[in-house]
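Reader: Before we get to any details, please take me through the labels on this one, and tell me what each of them rests on.

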Amino acid sequence: MFNRDGKDDNNYNVENYEFIKKYSPTVGSLIEKEYNRQKNNIELIASENYCSEAVLAACGSCLSWKYAEGYPYVRTSGNKGRYYGGTEFVDELEEYCCNKWREVFHTDYHVNVQPHSGSQANFAGYKALISPGDTILSLSLDNGGHLTHGSSVNFSGKLYNVIFYDVDDKGYIDMEDVRKKALEYKPQLIMTGASAYSRIIDFKAFADIAKEVGCYFMVDMAHIAGLVAAGEHLSPFGYADIVTTTTHKTLRGPRGGLVFGKPEFAKKIDSAVFPYAQGGPLEHIIAGKAVCAEEALKPEFKEYAHQVVLNCAALCDEFIKLGYKVVTGGTDNHVFLLDLSEFPFSGRDLQERCDENGITLNKNAIPNDQRSPMQTSGVRIGTAPMTTRGYKEDDFREVARRIDKIVKELAKEKEAEAK
Ligand SMILES: Cc1ncc(COP(=O)(O)O)c(C=O)c1O
């Protein structure tokens with residue numbers, strides 16, 4: 001993994017692309033270019049991270065050659081539910097992976113480690129709890145939620161009747177609005193979790209409302225799962241009926257998803273993942289997820305997650321000192337949104353200009369955004385990847401000053417163009 005200055009003490013990636021180049025010069029060279037882009041840039045995308053070479057190696061292992069449709073664990077029928085022979089080692093691996101994830105989150109929930117992505121995990125979570133046409137009460141994409149939380153262009157918005165709760169004037173999830181809408185619309189499911197929300201989510205308050213109206217409660221903790229694992233954010237376990245996550249964001253593992261559920265939903269979750277949503281599990285990725293869980297159990301991971309939060313607070317504070325508006329006025333986690341609504345350029349313009357300057361971040365809508373989703377009035381900034389590379393608070397303060405310089409130049413140009 002690269003350090004703060006882009007130096008890589010481990011030759012794993014270089015050996016890998018050099019090896020690939022011998023067979024496919026095109027693919028090998030593109031991987032090399034991407035490796036160098038990642039190495040040389042300051043990566044601030046809140047949903048990304050650098051997993052360890054051990055995770056990468058597991059994902060690139062011979063397990064990619066194995067089919068293992070079904071599940072390793074003993075079902076109520078007493079059968080091991082696999083549809084293929086030769087699964088004895090992947091059976092052991094998958095059970096080991098499940099046990100490690102329960103250990104990470106100190107939970108006795110059932111866990112399915114097969115979802116290929118966070119979206120697949122959410123698809124399965126909904127399927128396990130509700131039926132098409134049922135009502136979901138959820139946070140909208142433009143207020144920080146995810147596509148799979150009910151966007152009209154996604155399966156979630158097409159299969160289910162979705163009502164959105166709002167954020168308040170400061171950008172915080174408005175729990176009064178959640179309760180009001182839950183009582184009014186009587187949803188079958190309340191959903192929370194976010195892709196661009198910088199504050200602690202009060203899972204107990206959500207669970208209380210779900211209980212009051214007699215509906216299910218599901219949490220998508222994809223962004224904050226690493227913080228939950230390290231005790232830096234409240235845990236949804238014990239409150240939610242189903243908890244979904246990705247493993248590649250703050251958890252710093254392979255790309256993929258997990259679905260956890262209270263034991264009574266175990267069978268429904270499993271059949272929602274396979275055979276309903278997916279075919280054969282990616283056992284190589286499951287191996288990467290198992291290595292990731294082992295890493296998340298180490299004391300170093302706790303230190304890492306704590307540093308992610310400290311770094312985010314420092315970066316956000318520096319922007320505020322420089323006179324910027326931040327949605328909610330700060331951050332409690334690994335991410336925040338810079339509000340650019342008063343600038344003569346969009347989030348997209350800043351994203352593109354940062355790209356030209358070796359800083360990677362993404363445009364993002366802010367609450368009540370007046371610009372289109374392709375332009376936006378905000379950028380989303382996260383500290384998980386650069387913390388992996390060893391950045392501390394002062395490094396992030398310097399990053400804020402570099403972005404401020406870019407902003408000032410861009411603003412000057414746009415103002416001159418407008419004259
Ligand atoms: C909150 C949340 N849930 C789900 C997902 C979907 O994950 P994937 O891209 O693996 O489908 C994301 C992705 O960014 C996310 O932010």
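This is a predicted model: local features need pLDDT of at least 70, side-chain atom pairs count only at pLDDT 80 or more; totals for chains, interfaces and linings use all residues.

Reader: Why does T328 count as buried?

Author: Buried means under 20% relative accessible area, exposed over 50%, and partly exposed in between, using a 1.4 Å probe and protein chains only. T328 comes in at 11%, so it counts as buried. It also has a positive phi of about 75° although it is not a glycine.

Reader: And what makes K186 exposed?

Author: Its relative accessible area is 58%, so K186 goes down as exposed. K186 belongs to the loop between helix 7 (175–185) and strand 7 (189–192), and here too phi is positive, about 45°, in a residue that is not a glycine.

Reader: Which residue does UniProt list for "modified residue: N6-(pyridoxal phosphate)lysine"?

Author: The UniProt record, an unreviewed entry, lists K249. UniProt positions are given in the numbering used here, feature names are shortened, and annotations may be inferred rather than shown by experiment. K249 lies in the loop between strand 9 (242–246) and strand 10 (257–261).

Reader: Is K249 buried or exposed, and how do you know?

Author: At 12% relative accessibility, K249 counts as buried. Setting aside residues up to four places away in sequence, K249 touches S47, N49, A222 and H223; contact means heavy atoms within 4.5 Å.

Reader: What does it take to say that two strands pair?

Author: DSSP has to find at least two bridges between them. Seven strands pair up into an open sheet in the order 4-10-9-8-7-5-6, with mixed pairing. Strand 4 (110–112) and strand 6 (161–165) are the edge strands, each pairing on one side only. From one strand to the next the twist averages 20°.

Reader: How many bridges join strand 9 to strand 10?

Author: Five, with the two strands running antiparallel. I242 has G261 in strand 10 as its bridge partner. Helix 10 packs on this sheet, touching strand 4, strand 9 and strand 10, and its direction makes about 5° with that of strand 4. Axes are lines fitted to C-alpha atoms, for helices over the stretch in contact, and angles run from 0 to 180 degrees between N-to-C directions.

Reader: What about strand 7 and strand 8?

Author: Those run parallel and are joined by four bridges, with M191 opposite M218 in strand 8. Strand 8 (residues 216–220) is mostly covered, as four of its five residues are buried.

Reader: Why is a crossover called right-handed?

Author: With the strands pointing away from the viewer, the path from the first strand over the helix to the second runs clockwise. Strand 7, helix 8 (residues 203–213) and strand 8 make a right-handed β-α-β unit.

Reader: What is the order of the open sheet of four strands?

Author: It goes 11-12-15-14, with antiparallel pairing. Strand 11 and strand 14 (362–364) are its edges, each pairing on one side only. Strand 12 and strand 15 (residues 378–382) share five bridges and run antiparallel. Helix 12 (residues 299–321) packs on this sheet, touching strand 11, strand 12 and strand 15, at about 10° to the direction of strand 12. Helix 13 (residues 347–356) packs there as well, touching strand 14 and strand 15, at about 170° to strand 14.

Reader: How do you know that the span of helix 12 agrees with what it should be?

Author: The expected span is 1.5 Å times one less than the number of residues. For the 23 residues of helix 12 that gives 33 Å, and the end C-alpha atoms are 33 Å apart, so the two agree. Just after helix 12, G323 takes a positive phi of about 100°.

Conventions: Residues are numbered from 1 along each chain as its sequence is written. Side-chain values use heavy atoms; hydrogens and water are left out.
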